[in-house]
Amino acid sequence: PPPAAAPAASAEAEAPPAELLTAAEVTEKLNAVPAFVLIANGQLLGSRNEEGEAVLSFFTDAAHARAVLASVKESGKVEGAQLSVLPLGRALEACGGWAKGGGSEETRLSRLVGSPQGDAEFGEHLQKQLEATDRAASSWRLPLFLSNSFQTESMIPVFLSREDLLRGWERAGGDKEKPPNPVMVMDVRVFCDQLQSGMPLAKKIQLVSSLEAFELAKELNPKSVGEPTSS
C-alpha cells in the first residue's frame, strides 16, 4: 500500500540539519525520472528557432512529447521520426547542466521542456530565480514541485508538475480537499544548487515520475525503468 503522508512539522520542532550532496548524488536523483527526445534515422532531431538555428528539445511531459512527435509525422517533412528515452540527469547535462552563465554554444541550443501549462503558470517566477543565480541568458525553464507538508518517513517526493504532486498526495492517502500547502516551485538548476549547497533532509529527496512518463519510457525501452515510483 502507498505510504501515508507525514503530518507537517510543528512550529516548535527543531529544523533538521542541512545535508550536502555531491554532483554525482544529485545526478543520480535526477536520473530516477525519464526525459524524451525526438530522433530520426539514429540521429537527434531538433527544430528551428526564429533565427533559423537547430534547437534540440528534451521533454519531461509524456503527453507533450507524444504531441510533438505526432506533429512532426503529420508534417511529412521527416521520415522515421520517433521518440527515444534517456535519464533526466543526462538530458540536463546535454543542456549545460546546472553551470551558471550562458553555457557553451552547443548547450545554448539545447533545452529541457516541461508541460506547456507549467511554463505558462510559473515561467515568470522561475525566470526570477534564474536571474538571481546568473542564468538570465537561459532560453528555458523546468519547474520542480515539492512541499514540506508532503513527505513520508523515508522520502520527500519531488514532482515535475503541480498536477503530479496533487495526484501523488491523494494516492498517498492525503485529503483531496486539503492539498499540501505551501508548494515550493524551483527551476531544476536552482534545485540542484540547493542540494549541493545544503538542504535539510536532502538525502531523502526523491524525484517522482508521472505514471504517463513511466509508461512511455517502458514502451520505448523496457530496460530504462525499474519499478515505478509514480504519482
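A residue is called buried when its relative accessible area is under 20%, exposed when that area is over 50%, and partly exposed in between, for a 1.4 Å probe and protein chains only. The views below show a predicted model, in which local features need pLDDT of at least 70, side-chain atom pairs count only at pLDDT 80 or more, and totals for chains, interfaces and linings use all residues. Residues are numbered from 1 along each chain as its sequence is written, and side-chain values use heavy atoms, with hydrogens and water left out.

Figure 1. T60 is buried, with a relative accessible area of 7%. This residue is placed in the loop between β5 (54–59) and α2 (62–75). Helices (H or I, at least four residues) and strands (E, at least two) are DSSP runs, numbered from the N terminus. Leaving aside residues up to four places away in sequence, T60 touches P34, F36, L88, L112, V113, G114, L142, L160 and A213. Here, as in the other legends, contact means heavy atoms within 4.5 Å.

**Figure 2. The protein as a whole, as background to the close-up views.** The secondary structure comes to eight helices and twelve strands. Of the 231 residues in the protein, 43% are buried. Among contacts with a separation of 6 or more, 70% are between residues 24 or more positions apart.

**Figure 3. The packing of helix α1 against helix α7.** Helix α1 (residues 23–30) and helix α7 (residues 188–197) pack at an angle of about 135°, and their axes are 9 Å apart. Axes are lines fitted to C-alpha atoms, for helices over the stretch in contact, and angles run from 0 to 180 degrees between N-to-C directions. The helices α1 and α7 are therefore oblique to each other; angles under 35 degrees count as roughly parallel, over 145 as roughly antiparallel, 65 to 115 as roughly perpendicular and the rest as oblique. On the α1 side, A23, V26 and L30 take part in the contact, and they meet V188, C192, L195 and Q196 in α7. The residues of this contact comprise six nonpolar, one polar and no charged. In this grouping, Ala, Val, Leu, Ile, Met, Phe, Trp, Tyr, Cys and Pro count as nonpolar, Asp, Glu, Lys and Arg as charged, and the others, Gly among them, as polar.

**Figure 4. The two faces of helix α1.** The buried residues of α1 are V26, K29 and L30. Seen down the axis of α1, these residues fall within an arc of 100°, so they line one face of the helix; the arc is that of the directions from the helix axis to the C-beta atoms. An α-helix has 3.6 residues a turn, so residues three or four places apart point the same way. The cover over the buried residues of α1 includes α3 (88–94), α7 and β12 (205–208). The face turned away from the buried side carries the exposed residues A24 and E28.

Figure 5. In helix α6 (residues 162–171), the residues D164, L165, G168 and W169 are buried. Viewed down the axis of α6, they fall within an arc of 140°, so they line one face of the helix. Strands β8 (143–146) and β9 (156–159) are included in what covers them. Just after α6, G173 takes a positive phi of about 95°.

Figure 6. Most residues other than glycine have a negative phi, and most peptide bonds are trans. N41, in the loop between β2 (34–40) and β3 (43–44), has a positive phi of about 55° although it is not a glycine. At 66% relative accessibility, N41 counts as exposed. L201 is placed in the loop between β11 (199–200) and β12, and its phi is near 60°, a positive value in a residue other than glycine. At 23% relative accessibility, L201 counts as partly exposed. N181 and P182 are joined by a cis peptide bond, with omega about 0°. P182 is found in the loop between α6 and β10 (184–187).

Figure 7. E93 lies in helix α3 and is exposed, with a relative accessible area of 60%. E93 and T27 are 66 residues apart in sequence and 9.1 Å apart in space, C-alpha to C-alpha. E219 lies in helix α8 (residues 211–220) and is exposed, with a relative accessible area of 54%. E219 and S84 are 135 residues apart in sequence and 10.0 Å apart in space, C-alpha to C-alpha.
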